[in-house]
Amino acid sequence: MTIYLDNAATTVQKPVCMKQTILDVLESERYGNPARGAHSYSIRAYQLIEMARDTLKKFFHTGDLYEIIFSGSVTIALNAVLKGFIQAGDHVLTTSWEHNSVLRPLYQLEKLGVSYDIISSHPITGQLNYEEFTEKLNAKTKVVVCNHASNVTGNLLDIEWIKR
(Lines give C-alpha, C1' and ligand atoms only; values in the text may rest on other atoms or scores of the structure.)
Protein backbone atom coordinates (compact mmCIF):
# COMPACT_ATOMS: atom_id res chain seq x y z
CA MET A 1 0.00 0.00 0.00
CA THR A 2 1.36 3.42 -0.94
CA ILE A 3 0.41 6.41 1.18
CA TYR A 4 1.08 9.85 -0.23
CA LEU A 5 1.56 12.72 2.21
CA ASP A 6 2.33 15.70 -0.07
CA ASN A 7 -0.45 18.24 -0.51
CA ALA A 8 1.63 20.82 -2.37
CA ALA A 9 -0.56 20.72 -5.45
CA THR A 10 -3.63 21.89 -3.54
CA THR A 11 -2.38 24.18 -0.80
CA VAL A 12 0.52 26.48 -0.06
CA GLN A 13 0.38 25.99 3.71
CA LYS A 14 3.34 24.07 5.07
CA PRO A 15 3.84 23.11 8.72
CA VAL A 16 6.19 25.52 10.48
CA CYS A 17 8.14 22.59 11.95
CA MET A 18 8.82 21.25 8.44
CA LYS A 19 10.07 24.62 7.19
CA GLN A 20 12.24 25.09 10.28
CA THR A 21 13.76 21.61 10.01
CA ILE A 22 14.69 22.15 6.37
CA LEU A 23 16.18 25.54 7.19
CA ASP A 24 18.13 24.12 10.14
CA VAL A 25 19.63 21.37 7.98
CA LEU A 26 20.55 23.75 5.16
CA GLU A 27 22.10 26.35 7.47
CA SER A 28 24.01 23.87 9.65
CA GLU A 29 26.60 23.07 6.96
CA ARG A 30 26.75 19.58 8.45
CA TYR A 31 24.85 17.65 5.76
CA GLY A 32 25.74 16.66 2.22
CA ASN A 33 24.11 14.53 -0.44
CA PRO A 34 22.96 11.32 1.30
CA ALA A 35 23.77 9.10 -1.66
CA ARG A 36 26.99 10.53 -3.04
CA GLY A 37 29.81 9.83 -0.68
CA ALA A 38 31.28 8.07 2.32
CA HIS A 39 32.34 11.29 4.04
CA SER A 40 30.73 12.49 7.25
CA TYR A 41 28.45 15.05 5.52
CA SER A 42 26.85 12.35 3.37
CA ILE A 43 26.65 9.84 6.21
CA ARG A 44 24.88 12.36 8.48
CA ALA A 45 22.37 13.17 5.73
CA TYR A 46 21.80 9.45 5.09
CA GLN A 47 21.23 8.90 8.83
CA LEU A 48 18.56 11.64 8.85
CA ILE A 49 16.75 9.96 5.97
CA GLU A 50 16.93 6.60 7.73
CA MET A 51 15.52 8.17 10.91
CA ALA A 52 12.64 9.63 8.88
CA ARG A 53 12.01 6.22 7.28
CA ASP A 54 12.02 4.55 10.68
CA THR A 55 9.56 7.09 12.08
CA LEU A 56 7.21 6.59 9.11
CA LYS A 57 7.61 2.81 9.33
CA LYS A 58 6.43 2.88 12.94
CA PHE A 59 3.64 5.35 12.21
CA PHE A 60 2.23 3.32 9.29
CA HIS A 61 3.08 -0.12 10.76
CA THR A 62 4.95 -1.23 7.64
CA GLY A 63 7.25 -4.19 7.48
CA ASP A 64 10.57 -3.56 5.79
CA LEU A 65 12.21 -0.18 6.34
CA TYR A 66 12.66 0.15 2.58
CA GLU A 67 8.92 0.01 1.94
CA ILE A 68 9.18 3.75 2.65
CA ILE A 69 10.48 5.64 -0.38
CA PHE A 70 10.80 9.33 -1.10
CA SER A 71 10.30 11.03 -4.45
CA GLY A 72 10.31 14.55 -5.82
CA SER A 73 6.58 14.58 -6.48
CA VAL A 74 3.51 12.38 -6.64
CA THR A 75 3.62 12.47 -10.45
CA ILE A 76 7.16 11.07 -10.44
CA ALA A 77 6.22 8.42 -7.85
CA LEU A 78 3.07 7.33 -9.70
CA ASN A 79 4.86 7.13 -13.02
CA ALA A 80 7.63 5.06 -11.44
CA VAL A 81 5.17 2.63 -9.83
CA LEU A 82 2.75 2.35 -12.73
CA LYS A 83 5.28 2.23 -15.55
CA GLY A 84 7.78 0.15 -13.59
CA PHE A 85 5.43 -2.38 -12.02
CA ILE A 86 2.57 -2.82 -14.49
CA GLN A 87 3.11 -4.95 -17.60
CA ALA A 88 1.15 -5.94 -20.69
CA GLY A 89 -1.73 -8.20 -19.66
CA ASP A 90 -2.06 -6.66 -16.20
CA HIS A 91 -5.22 -4.95 -14.97
CA VAL A 92 -5.47 -1.81 -12.80
CA LEU A 93 -8.42 -0.52 -10.79
CA THR A 94 -8.67 3.19 -10.14
CA THR A 95 -11.40 5.67 -9.26
CA SER A 96 -13.18 8.62 -10.78
CA TRP A 97 -11.52 10.73 -8.06
CA GLU A 98 -8.05 10.35 -9.54
CA HIS A 99 -5.83 13.09 -10.93
CA ASN A 100 -4.25 13.13 -14.38
CA SER A 101 -1.02 11.95 -12.75
CA VAL A 102 -2.77 8.56 -12.48
CA LEU A 103 -4.90 8.66 -15.60
CA ARG A 104 -2.29 9.74 -18.14
CA PRO A 105 0.11 6.88 -17.35
CA LEU A 106 -2.85 4.47 -17.53
CA TYR A 107 -3.81 5.82 -20.98
CA GLN A 108 -0.20 5.28 -22.10
CA LEU A 109 -0.03 1.79 -20.60
CA GLU A 110 -3.31 0.84 -22.28
CA LYS A 111 -1.55 1.21 -25.64
CA LEU A 112 0.98 -1.37 -24.41
CA GLY A 113 -1.64 -3.96 -23.44
CA VAL A 114 -2.58 -2.96 -19.91
CA SER A 115 -6.29 -2.82 -19.07
CA TYR A 116 -7.91 -0.70 -16.40
CA ASP A 117 -11.31 0.07 -14.95
CA ILE A 118 -12.41 3.31 -13.34
CA ILE A 119 -14.72 2.95 -10.35
CA SER A 120 -17.53 5.46 -10.74
CA SER A 121 -18.89 7.82 -8.13
CA HIS A 122 -22.38 9.07 -7.38
CA PRO A 123 -23.08 12.21 -9.47
CA ILE A 124 -24.51 14.18 -6.53
CA THR A 125 -22.76 12.95 -3.38
CA GLY A 126 -19.44 12.00 -4.99
CA GLN A 127 -19.36 8.75 -2.99
CA LEU A 128 -17.63 5.89 -4.77
CA ASN A 129 -19.64 2.87 -5.88
CA TYR A 130 -17.93 0.25 -3.74
CA GLU A 131 -19.84 -2.59 -5.40
CA GLU A 132 -17.84 -1.88 -8.56
CA PHE A 133 -14.58 -2.71 -6.77
CA THR A 134 -15.86 -6.25 -6.25
CA GLU A 135 -17.39 -6.47 -9.73
CA LYS A 136 -14.31 -5.24 -11.58
CA LEU A 137 -11.62 -6.95 -9.52
CA ASN A 138 -10.23 -9.92 -11.44
CA ALA A 139 -7.33 -12.34 -11.50
CA LYS A 140 -5.26 -9.94 -13.63
CA THR A 141 -5.73 -6.97 -11.26
CA LYS A 142 -2.25 -6.11 -10.09
CA VAL A 143 -2.80 -2.67 -8.55
CA VAL A 144 -5.59 -0.56 -7.09
CA VAL A 145 -4.79 3.16 -7.31
CA CYS A 146 -7.00 5.42 -5.22
CA ASN A 147 -7.02 8.64 -3.22
CA HIS A 148 -7.89 8.31 0.43
CA ALA A 149 -9.64 11.68 0.27
CA SER A 150 -11.03 13.68 -2.61
CA ASN A 151 -9.67 17.21 -2.72
CA VAL A 152 -12.75 18.15 -4.78
CA THR A 153 -15.61 16.79 -2.62
CA GLY A 154 -13.87 16.10 0.69
CA ASN A 155 -15.21 12.53 0.66
CA LEU A 156 -13.09 9.87 2.33
CA LEU A 157 -12.48 6.43 0.90
CA ASP A 158 -12.81 3.38 3.12
CA ILE A 159 -9.21 2.26 2.65
CA GLU A 160 -9.57 -0.68 5.06
CA TRP A 161 -12.52 -2.04 3.03
CA ILE A 162 -10.58 -1.68 -0.22
CA LYS A 163 -7.51 -3.31 1.32
CA ARG A 164 -9.57 -6.33 2.36
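This note goes through the predicted model point by point, from its overall layout to single residues.

1. Basis of the note. The model is predicted, with local features needing pLDDT of at least 70 and side-chain atom pairs counting only at pLDDT 80 or more, while totals for chains, interfaces and linings use all residues. Residues are numbered from 1 along each chain as its sequence is written, and side-chain values use heavy atoms, with hydrogens and water left out.

2. Overall layout. The protein has six helices and three strands, where helices (H or I, at least four residues) and strands (E, at least two) are DSSP runs numbered from the N terminus. Along the sequence these elements follow the pattern α-α-α-β-α-β-α-β-α, and the C-alpha atoms fill a box of roughly 55 × 35 × 30 Å along the principal axes. Of the 164 residues, 24% count as buried; buried means under 20% relative accessible area, exposed over 50% and partly exposed in between, with a 1.4 Å probe and protein chains only.

3. Strand 1 and its partner. In strand 1 (91-95), five of five residues are buried. His-91, Leu-93 and Thr-95 point one way from this strand, whereas Val-92 and Thr-94 point the other way. Strand 1 runs parallel to strand 2, and five bridges join the two (strands pair if DSSP finds at least two bridges between them). The bridge partner of Val-92 in strand 2 is Tyr-116.

4. The largest nonpolar core. Such a core is a set of buried Ala, Val, Leu, Ile, Met, Phe, Trp, Tyr and Cys residues joined through side-chain atoms within 4.5 Å. The largest one holds 11 residues, including Leu-78, Val-92, Leu-106, Tyr-116 and Val-145. Helix 3 (74-85), helix 4 (100-110) and strand 3 (141-145) are the elements that give two or more residues to this core, and helix 4 gives the most, with three. Apart from this core lies another, of nine residues, among them Leu-128, Tyr-130, Phe-133 and Ile-159.

5. Around helix 4. Ser-101, Val-102, Leu-103, Pro-105, Leu-106 and Leu-109 are buried in helix 4, and the buried residues of this helix pack against helix 3, strand 1, strand 2 and strand 3. Leaving aside neighbours within four places in sequence, Tyr-116 is in contact with His-91, Val-92, Leu-106, Tyr-107 and Glu-110, contact meaning heavy atoms within 4.5 Å.

6. Two single residues. Gly-113 sits in the loop between helix 4 and strand 2 (115-119), and it counts as partly exposed because its relative accessibility is 42%. Residues up to four places away in sequence not being counted, Gly-113 touches Ala-88, Gly-89 and Asp-90. Glu-132 lies in helix 5 and counts as buried because its relative accessibility is 13%. Beyond its neighbours within four places in sequence, Glu-132 is in contact with Ile-118, Ile-119, Ser-120 and Leu-137.

7. The second largest pocket. The lining of this pocket includes Leu-93, Phe-133, Thr-134, Trp-161 and Arg-164. Helix 5 (130-136) and helix 6 (159-163) each supply at least two lining residues, and the largest share, three residues, comes from helix 6.

How values were computed:
1 Å grid on protein atoms, 1.4 Å probe; cavity = no way out; pocket = protein on both sides within 12 Å on 5 of 7 lines; lining within 4 Å.
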